Amino acid sequence: MEFRNKREETADNRAADRELYRLLAAGDLPGAWLAAKSQMEKSGTENISCAAAFNRGLCFYRLGEYEKALGQLRQAEQSLGSPPDFDLAKKKLFLEALSGRGQETALIPLDPDGGEELYRYWLVRVKWLMTLSLLRLDRHEEAAGGIRFLRQYHIELE
């Protein structure tokens, strides 16, 4: 199955994506911001992977720049297309794994080396952070669709 997450990968893009991921995973928000800013200046919005767009959005979210986070997260969502949902057995185990982590799961960066088997999970994470951003901006009507989507994965907001 072909997803729209494909992009022309260069060694520089992959290295920049990994650097941003590592900085966010380490909790180095100032370093992550500098990496994201540099990445955006070099590549702009073209040919960006879902993980890179999500991680940029996460960086903006953690800095309180919710509108900018939304722009990056919409790009991440668009790059994924519509990955298939989990089958029933996988979904049950996924829900169990997710229930043990709680709300902090929304703020974990996405590993840019993840493969297609993670795309549905990535879509859940993208919609989760988008919805949190919309709620922070008091745009509850826009957030309603995300809230409904997240409920099917037993993720409750508000």
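Trainee: Which helix is Ala51 found in?
Mentor: Ala51 is found in helix H3, which covers residues 50-62. Keep in mind that this is a predicted model.

Trainee: Is Ala51 buried or exposed?
Mentor: Buried. Its relative accessible area is 1%, and the cut-off for buried is under 20%.

Trainee: What is Ala51 in contact with, leaving aside neighbours within four places in sequence?
Mentor: Four residues: Leu110, Asp111, Pro112 and Trp122.

Trainee: How far apart are the C-alpha atoms of Ala51 and Leu110?
Mentor: They are separated by 5.3 Å. Along the chain, Ala51 and Leu110 are 59 residues apart.

Trainee: Back to H3 as a whole. At what angle do H3 and H4 cross?
Mentor: At roughly 165 degrees. The axes of H3 and H4 come within 8 Å.

Trainee: Is the crossing of H3 and H4 left-handed or right-handed?
Mentor: Left-handed.

Trainee: Which residues make the contact?
Mentor: From H3, the list includes Ala53, Phe54, Gly57 and Phe60. From H4, it includes Ala69, Gln72, Leu73 and Ala76.

Trainee: And by class?
Mentor: The contact of H3 with H4 has 10 nonpolar residues, four polar and two charged.

Trainee: Now the start of the chain. How do H1 and H2 pack?
Mentor: Helix H1 spans residues 11-25 and helix H2 spans residues 29-43. They pack at an angle of about 160 degrees, and their axes are 8 Å apart. H1 and H2 are therefore roughly antiparallel to each other.

Trainee: What handedness does the crossing of H1 and H2 have?
Mentor: That crossing is left-handed.

Trainee: Which residues meet there, in H1 and in H2?
Mentor: On the H1 side, Ala16, Asp17, Glu19, Leu20, Leu23 and Leu24. On the H2 side, Leu29, Gly31, Ala32, Ala35, Ala36 and Gln39.

Trainee: How do the residues of that contact divide?
Mentor: Into eight nonpolar, two polar and two charged.

Trainee: New topic. How many salt bridges does the structure hold?
Mentor: Nine. Side chains of opposite charge can pair when their charged atoms come close.

Trainee: Which residue does Glu142 form a salt bridge with, at 3.7 Å?
Mentor: Arg74. The 3.7 Å is the separation of the closest N and O atoms. This pair links distant parts of the chain. Glu142 sits in helix H7, residues 140-151, and Arg74 in helix H4, residues 66-80. The two residues are 68 residues apart.

Trainee: Is Glu142 buried, partly exposed or exposed?
Mentor: Partly exposed, at 43% relative accessibility. Arg74 is partly exposed too, with a relative accessible area of 35%.

Trainee: What about the salt bridge between Arg139 and Glu142?
Mentor: Their side chains meet at 2.8 Å, N to O. Arg139 counts as partly exposed, at 22% relative accessibility.

Trainee: Which residues are linked in a network of salt bridges?
Mentor: Glu67, Arg74, Arg139 and Glu142.

Trainee: And which residue does Lys91 form a salt bridge with?
Mentor: Asp85. The closest N and O atoms are 3.7 Å apart.

Trainee: Is Lys91 buried or exposed?
Mentor: Buried, with a relative accessible area of 16%. Asp85 is partly exposed, at 34%.

Trainee: Last topic, backbone angles. What is the phi of Asp138?
Mentor: It is positive, about 55 degrees, although Asp138 is not a glycine.

Trainee: Where does Asp138 lie?
Mentor: In the loop between helix H6, residues 119-136, and H7. Asp138 is exposed, with a relative accessible area of 60%.

Trainee: What about the phi of His154?
Mentor: Phi of His154 is near 60 degrees. That is a positive value in a residue other than glycine.

Trainee: Where is His154 placed?
Mentor: In the segment after H7.

Trainee: Buried or exposed there?
Mentor: His154 is exposed, with a relative accessible area of 59%. The cut-off for exposed is over 50%.

Conventions
Residues are numbered from 1 along each chain as its sequence is written. This is a predicted model: local features need pLDDT of at least 70, side-chain atom pairs count only at pLDDT 80 or more; totals for chains, interfaces and linings use all residues. Side-chain values use heavy atoms; hydrogens and water are left out. Axes are lines fitted to C-alpha atoms, for helices over the stretch in contact, and angles run from 0 to 180 degrees between N-to-C directions. Helices (H or I, at least four residues) and strands (E, at least two) are DSSP runs, numbered from the N terminus. Angles under 35 degrees count as roughly parallel, over 145 as roughly antiparallel, 65 to 115 as roughly perpendicular and the rest as oblique. A crossing is left-handed if the near helix is turned anticlockwise from the far one by less than a right angle, and right-handed if clockwise. Contact means heavy atoms within 4.5 Å. Ala, Val, Leu, Ile, Met, Phe, Trp, Tyr, Cys and Pro count as nonpolar, Asp, Glu, Lys and Arg as charged, and the others, Gly among them, as polar. Buried means under 20% relative accessible area, exposed over 50%, partly exposed in between (1.4 Å probe, protein chains only). A salt bridge is a side-chain nitrogen of Lys or Arg within 4 Å of a carboxyl oxygen of Asp or Glu.
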